[in-house]
Amino acid sequence: MGNKVDCGVMAAYDYDGGNVAIDIYHGLYTLQHRGQESCGIVTNDYVKLYSVKNKGLVNEVFNRDNLATLKGKIGVGHVHYGGDENDAIPPIMSRYCKGTITLAMDGHLTNYDELRSELEQRGAIFQSSSHAEVIMNMIAVARTKLPSAEAAVYDTMLRLKGAFSAVLMSPKKLIAFRDSFGVRPLSVGKRGNRWFVASETAAFDVIKAEKVCDVLPGELIKIDETGVSHMTDGVSKSPAHCIFEYVYFARPDSMLDGNNVYQARIDIGRELFKAHPVKADMVFGVPSSGLHFALGYSYESGIPYGDGLFKNSYVGRTFIRGTSEERYEAVSIKLNPLRGAIKGKDVVIVDDSIVRGTTSANLIRLIKDGGAKSVHMRIASPPFLWHCKFGSDIPDRKQLIAARMSVEEIRKQIGADTLGYLPVEAFERIGLKACEHCEACFTGVYPDEIEK
């Protein structure tokens with residue numbers, strides 16, 4: 001099946017012939033939340049490819065000197081999380097009979113095994129478990145029979161199942177394409193004569209570009225010397241945008257398929273109070289993904305919003321330790337209660353989700369040790385009941401606490417005084433229509449081509 005990954009992509013094409021690397025770098029910096037393990041930029045000047053890629057964060061991998069080596073009016077960039085540690089760092093590059101292909105992708109193919117086996121039987125040799133490498137091989141094969149890179153990409157899209165938002169760079173073209181359901185986000189922006197493609201619109205803001213459009217489900221957009229063209233026939237299906245982008249993945253300052261992420265999170269917080277009201281002295285969110293949900297909860301309830309936790313900005317993802325005490329210490333390294341704010345108070349704490357329950361239990365223990373009189377936990381998503389078939393880092397059902405326990409049992413397990421989840425129908429009430437979003441991790445109802 002390959003490896004589950006979450007990523008961000010950024011690309012640029014300059015009609016005036018200027019170097020695009022700095023803009024891609026700034027865009028990747030903005031998309032760092034989508035991947036923290038490695039990053040890379042590849043550019044070309046119609047003659048040669050230039051590449052800087054490595055493990056680490058954007059500010060660790062790139063510097064003034066190596067960015068100066070990235071010449072060219074076309075470029076693609078990538079931030080990466082997940083996958084096999086031995087895989088090549090994206091964007092991945094390949095040379096074949098028609099020239100070069102460079103591909104940056106956010107996604108996961110549900111028919112990866114089938115497609116890879118077919119290619120291997122035809123003699124293809126793979127260097128990694130990357131789903132992008134399968135797509136690249138398919139495009140290269142199709143290009144030997146078809147008249148253009150975009151025709152080869154489109155022919156390949158007809159065979160792909162799953163979730164993918166990708167950007168391909170050939171020697172003279174930039175091609176953005178998105179899966180038939182539009183699961184992962186992808187947008188096009190513009191500043192003067194320079195065009196951009198990015199996973200989120202926040203990347204356009206930092207480089208002073210304006211959003212032009214979203215890449216539609218099943219659409220291919222080509223940018224080259226002849227202009228910007230769109231291909232949409234034959235691939236698109238009813239949208240099934242990932243609902244968890246609004247709960248966790250996306251930045252709050254992004255627009256996804258016409259929806260404002262910040263406003264969606266405020267509205268989710270309001271819906272949380274309507275579904276699970278409580279009397280309390282203050283409400284606060286788990287930094288940083290829970291903050292805007294907590295603000296919405298405060299607006300609707302009238303409970304004062306405050307800071308109840310301090311986040312250590314120099315700690316990344318919570319690392320896992322063996323014993324319960326070591327896991328508790330791991331949480332306390334990342335988050336520490338503000339005792340002066342919570343001592344002796346009944347508090348509401350809002351988080352984006354509960355997966356296994358371990359982090360929530362340690363967090364509530366931390367807050368009670370900090371002096372809170374009672375802790376009422378509110379979760380800005382419905383219970384996770386099913387794993388994600390589209391590659392998001394949500395584990396198998398046997399590891400999901402909500403698939404094994406009732407809400408009351410979970411409440412006791414994590415030590416909360418009360419526990420309330422967002423009702424799944426609340427998404428519809430705030431304008432995130434069920435017919436346009438994939439909610440399978442909560443409902444078990446997958447888009448029509450995916451079997452349970």
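Predicted model: local features only at pLDDT ≥ 70, side-chain atom pairs only at ≥ 80, totals over all residues.
1. Basis. Local features need pLDDT of at least 70 and side-chain atom pairs count only at pLDDT 80 or more, while totals for chains, interfaces and linings use all residues. Residues are numbered from 1 along each chain as its sequence is written, and side-chain values use heavy atoms, with hydrogens and water left out.

2. Helix H1. H1 spans residues 21–30 (helices are DSSP runs of H or I, at least four residues, numbered from the N terminus). Of its 10 residues, 7 are buried (under 20% relative accessible area, 1.4 Å probe, protein chains only). The buried positions are Ala21, Asp23, Ile24, Tyr25, Gly27, Leu28 and Thr30.

3. Helices H5 and H6. H5 (residues 131–143) packs on H6 (residues 149–157) at about 125°, and the axes are 8 Å apart (lines fitted to C-alpha atoms over the stretch in contact, with angles from 0 to 180 degrees between N-to-C directions). From H5, Ile135, Met138, Ile139, Ala142 and Arg143 meet Ala149, Ala152, Val153, Asp155 and Thr156 of H6 (contact means heavy atoms within 4.5 Å). By class, this contact has 7 nonpolar, 1 polar and 2 charged residues (Ala, Val, Leu, Ile, Met, Phe, Trp, Tyr, Cys and Pro count as nonpolar, Asp, Glu, Lys and Arg as charged, the others as polar).

4. Arg411. Arg411 belongs to helix H14, residues 407–414. A polar atom of the Arg411 side chain lies 2.8 Å from the backbone oxygen of Ala416. Leaving aside residues up to four places away in sequence, Arg411 touches Ala416, Asp417, Thr418 and Leu419.

Methods
Helix = DSSP H or I, 4+ residues; strand = E, 2+ residues; numbered from the N terminus. Polar contact = N/O pair within 3.5 Å; in protein donor to acceptor, adjacent residues only side chain to side chain. Buried < 20%, exposed > 50% of the residue type's maximum accessible area, 1.4 Å probe, protein only.
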